[in-house]
Amino acid sequence: MDIMLKRRSIGPLMAAAALAPGIAAAQGRPPLTRIAFGSCAEQRRPQPIWDAVLAYRPDLFIFGGDNVYGDFNRADAVDLRSAYDNATMIEGYNRLVRTVPHLAVWDDHDYGLNDGGADFPYKAAAKEEFLRFWRVPADDVRRTREGIYDAHIIGPPGMRVQIILLDLRWFRSPLKRTDERGAPGKERYLPDPDPAKTMLGNVQWEWLADQLHKPAEVRLIVSTIQVLAEGHGWERWGNFPLERQKLFDTIRDSRAEGVVLLSGDRHLGALYREAPAGVYALHEMTSSGLNQAFWAASERGPNRLGAIYPMANFGTIDVDWWERTVTLSLRDESGGVRRRVALSASDLLFSR
Ligand SMILES: [Fe+2]
């Protein structure tokens, strides 16, 4: 390691390195080092991937949306409820939920409507089912505000992982439909530069900015739909380019370091990197799906790292606080690594 790299590494993760492991453990809860992440689990089909997820022995699992396929169009949300009931009967799913600490956020199919947004009339019913299935405590703030966005900071000082779970459904404005359905690059939607359109809604935007000001060394921003991906016309932040820029600006203005983006939804896995102006290079891991993948998928990926992996997959985030590395891995149904990018502390910091 050269001197330049050492100097650039001074920052939040440096503080982590200064804290001996034994001391950190003595402070209470040890830091997270193994986080797993997945999305798109169709409850009517086998889900053999859970054996590999459990074998990885995650400290934490993040359900990144489409955790069941429960689309519905009735006020009683009975189809969503029965989808959740079916999920509890899947052995691996059930074992993970019973034995591994986990967090969850919804995407369109556990919200209740394919590509659904703010105008979905039954979203309150979907929220009730979400709160019930995920056993959200009676005093949880999600019960008293709109949407299901949520955040946690886990770990001792100097070794904190912040997990920010964004709600991309409750507040989202209508998308601009394509004029050429299925055409490569414009399959379903077109970018809409209308400044009135929102991904998160004002309240969630303000909350996100507040969260990014809280102290943490690594920050996982879970956006169920892809943030960085270009080259396709399915759901992605690029459909509201001003909102995508606002996300980059919010990260820049907060000076939040250690940000890694996680997304799902797409029925394929991939890694992406992009360096917005004024921010360090952002990395995104898309993991989808746990059993819903589209092996015949093909799309352009101008800011993608390597090829897509369109078979069943889950993602892992290995944090080595002592080496000061964060390794993002896309793993197959056997747990084998199919795509990987290793980030050093200096990759996750603003230049100084
Ligand atoms: Fe989705």
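Predicted model: local features only at pLDDT ≥ 70, side-chain atom pairs only at ≥ 80, totals over all residues.
Reader: What is the phi of Ala77, and is the residue buried or exposed?
Author: Most residues other than glycine have a negative phi. Ala77 is a residue other than glycine with a positive value, near 55°. Buried means under 20% relative accessible area. Ala77 has a relative accessible area of 1%, so Ala77 is buried.

Reader: Thanks! How do Arg135's phi and accessibility look, and is that residue buried or exposed?
Author: Arg135 is found in the loop between H8 and strand E4 (150–154). Its phi is positive too, near 50°, in a residue other than glycine. The cut-off for exposed is over 50%. Arg135 has 72% relative accessibility and therefore counts as exposed.

Reader: Let's turn to the helices. Are H5 and H8 roughly parallel or roughly antiparallel to each other?
Author: Two packed helices are described by the angle between their axes and the distance between the axes. For H5 (residues 78–88) and H8 (residues 123–133), the axes come within 10 Å and cross at roughly 20°. Angles under 35 degrees count as roughly parallel. H5 and H8 are therefore roughly parallel.

Reader: In which hand does H5 pass H8, and how do the residues of the contact divide?
Author: H5 passes H8 in a right-handed crossing. On the H5 side the contact includes Leu80 and Tyr84, while Phe130 and Phe133 are among the residues from H8. The residues of this contact divide into six nonpolar, one polar and four charged.

Reader: Nice. At what angle do H9 and H10 pack, and are they roughly parallel or roughly antiparallel?
Author: Helix H9 covers residues 202–212 and helix H10 residues 241–254, with their axes 9 Å apart. They pack at an angle of about 30°. That angle makes H9 and H10 roughly parallel.

Reader: Which residues of H9 meet H10, and how does that contact divide?
Author: The crossing of H9 and H10 is right-handed. From H9 come Trp205, Leu208, Ala209 and Leu212, and they meet residues of H10 including Leu247 and Ile251. The residues of the contact divide into six nonpolar, two polar and two charged.

Reader: Which residues touch the most other members of the largest nonpolar core?
Author: That core holds 100 residues. One of the residues named here, Trp237, is in contact with Leu166, Trp205 and Leu247, among others, when neighbours within four places in sequence are left aside. Those touching the most other members are Ile62, Tyr93, Ile163, Leu220, Trp237 and Ile317.

Reader: What about Pro191: where is it found, and what is its distance from Gly233 by C-alpha atoms?
Author: Pro191 is found in the loop between strand E5 (161–165) and H9, and at 40% relative accessibility it counts as partly exposed. Leaving aside neighbours within four places in sequence, its contacts include Arg236 and Pro241. Gly233 is 42 residues apart from Pro191 along the chain, and their C-alpha atoms are separated by 8.4 Å.

Note on methods
Residues numbered from 1 in each chain as written. Heavy atoms only, no water. Axes fitted to C-alpha atoms, helices over the stretch in contact; angles between N-to-C directions. Helix = DSSP H or I, 4+ residues; strand = E, 2+ residues; numbered from the N terminus. Parallel < 35°, antiparallel > 145°, perpendicular 65-115°, else oblique. Left-handed = near helix turned anticlockwise from the far one by under 90°. Contact = heavy atoms within 4.5 Å. Nonpolar A, V, L, I, M, F, W, Y, C, P; charged D, E, K, R; others polar. Core = buried A, V, L, I, M, F, W, Y, C linked by side-chain atoms within 4.5 Å. Buried < 20%, exposed > 50% of the residue type's maximum accessible area, 1.4 Å probe, protein only.
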